[in-house]
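Trainee: Could you walk me through this one before I start on my own notes?
Mentor: Gladly; have a look at it, and then ask whatever comes to mind.

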Amino acid sequence: MKKLILLVAAVLFQTAVFAQTWKVDKAHARLQFTVTHMSVSDVEGNFKDFDVTITTTKPDFSDAKFDLTASAASINTGNDMRDGDLKSDHFFNVAVNPTLTFNSTHIVKTTANHYKLSGNLTINGITKLVTFDLWYRGTIVNPMSKANDAGFQLTGTVTRTAFNLGSMYPNAILSDDIAIKADGEFAVAK
């Protein structure tokens, strides 16, 4: 019994020692999307204003929890007229739903440094459970800060009409699948 108590205490201590919160380095991060227009061309965009936090107790991030918040009004496709339409009640309705959020609920390691990350995605006031592919690109010592930096890439697809985005547009005009790609460097929060 004494050995069991010591083992449990050692595991809890190790977990408590490593438990860390990581914050995104916004200068080295991007949250972007791609949608197909008229079945013949891709239109890319991004959200300029977003924040991501990772909490984990394991150095391989196999128990990581990701929390993202993005300003819907920061959407940018490089076309002011299109961006205005995307901010309207036809799409993101930023006056009513100013933020998009993703809060992970589950992470599963699939291969070395690759995971399936599931969680609740809220867009346009609608929350759906989604799963993305997550690539942990590794942790390095940043030569500038001398602190650890971790890199991640998230990819996947969400369905536009599930979030009532541009529901009046048929798939032939605007693809229902929206490709998501996010890249970021993270440092331990101070």
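**Talking through the model**

Trainee: Before anything else, what kind of model is this?
Mentor: This is a predicted model, and every value I give you is computed from it.

Trainee: Fine. How many helices and strands does the protein chain have?
Mentor: The secondary structure of the protein chain comes to two helices and 10 strands, and along the sequence these follow the pattern α-β-β-β-β-β-α-β-β-β-β-β.

Trainee: And what box do the C-alpha atoms fill?
Mentor: Taken along the principal axes, the box is roughly 65 × 40 × 30 Å.

Trainee: What share of the residues counts as buried?
Mentor: The protein chain has 190 residues, of which 37% count as buried. As for the surface, the chain exposes about 10,800 Å², and carbon and sulfur atoms supply 59% of that area.

Trainee: What about contacts across the sequence?
Mentor: If you take the contacts between residues at least 6 apart in sequence, 54% of them join residues at least 24 apart.

Trainee: Switching to the surface, which residues make the nonpolar patch?
Mentor: M38, V40 and I173 make a nonpolar surface patch of about 290 Å². M38 sits in the loop between β1 (20-37) and β2 (41-47), and with a relative accessible area of 44% M38 is partly exposed.

Trainee: Now charges. How many positive and negative side chains are there?
Mentor: There are 18 positive and 18 negative side chains in the protein chain, and the centres of the two sets lie 9 Å apart.

Trainee: How many salt bridges does the structure hold?
Mentor: The structure holds six salt bridges. As background, side chains of opposite charge can pair when their charged atoms come close.

Trainee: Pick one for me. Which side chain does D51 meet?
Mentor: D51 forms a salt bridge with K23, at 2.9 Å from N to O. D51 lies in strand β3 (residues 50-56) and K23 in strand β1, so this pair ties together parts that are 28 residues apart in sequence.

Trainee: Which residues are linked in a network of salt bridges?
Mentor: R137, K181 and D183 are linked in such a network. The side chains of R137 and D183 meet at 4.0 Å, N to O. R137 lies in strand β8 (residues 126-141) and D183 in strand β10 (residues 177-188), so that pair ties together parts that are 46 residues apart in sequence. D183 also meets K181 in a salt bridge, here at 3.6 Å, N to O.

Trainee: And how exposed are the members of that network?
Mentor: R137 counts as partly exposed at 48% relative accessibility. D183 is partly exposed with a relative accessible area of 22%, and K181 is partly exposed with 32%.

Trainee: Changing topic, where is S62, and what does S62 touch?
Mentor: S62 is in the loop between β3 and β4 (65-71). Leaving out residues up to four places away in sequence, S62 touches I107 and Y115. S62 and H114 are 52 residues apart in sequence, yet their C-alpha atoms are 9.5 Å apart in space.

Trainee: Why does N93 count as buried?
Mentor: N93 has a relative accessible area of 19%, and buried means under 20%, so N93 falls within that class.

Trainee: And what about K146, where is that residue and what is its phi?
Mentor: K146 lies in the loop between β8 and β9 (148-159), and its phi is near 65 degrees, again a positive value in a residue other than glycine. Whereas N93 is buried, K146 counts as exposed, at 62% relative accessibility.

Methods:
Residues are numbered from 1 along each chain as its sequence is written. This is a predicted model: local features need pLDDT of at least 70, side-chain atom pairs count only at pLDDT 80 or more; totals for chains, interfaces and linings use all residues. Side-chain values use heavy atoms; hydrogens and water are left out. Helices (H or I, at least four residues) and strands (E, at least two) are DSSP runs, numbered from the N terminus. Buried means under 20% relative accessible area, exposed over 50%, partly exposed in between (1.4 Å probe, protein chains only). Contact means heavy atoms within 4.5 Å. Accessible areas come from the Shrake-Rupley method with a 1.4 Å probe; for residues, only the protein chains shown count as cover. Lys and Arg count as positive and Asp and Glu as negative; His and the chain ends are not counted. The place of a charge is taken as NZ of Lys, CZ of Arg, CG of Asp or CD of Glu. Patches are made of residues with over 30% relative accessible area and no salt bridge: like charges are joined within 9 Å, nonpolar side chains (Val, Leu, Ile, Met, Phe, Trp, Tyr) within 5 Å.
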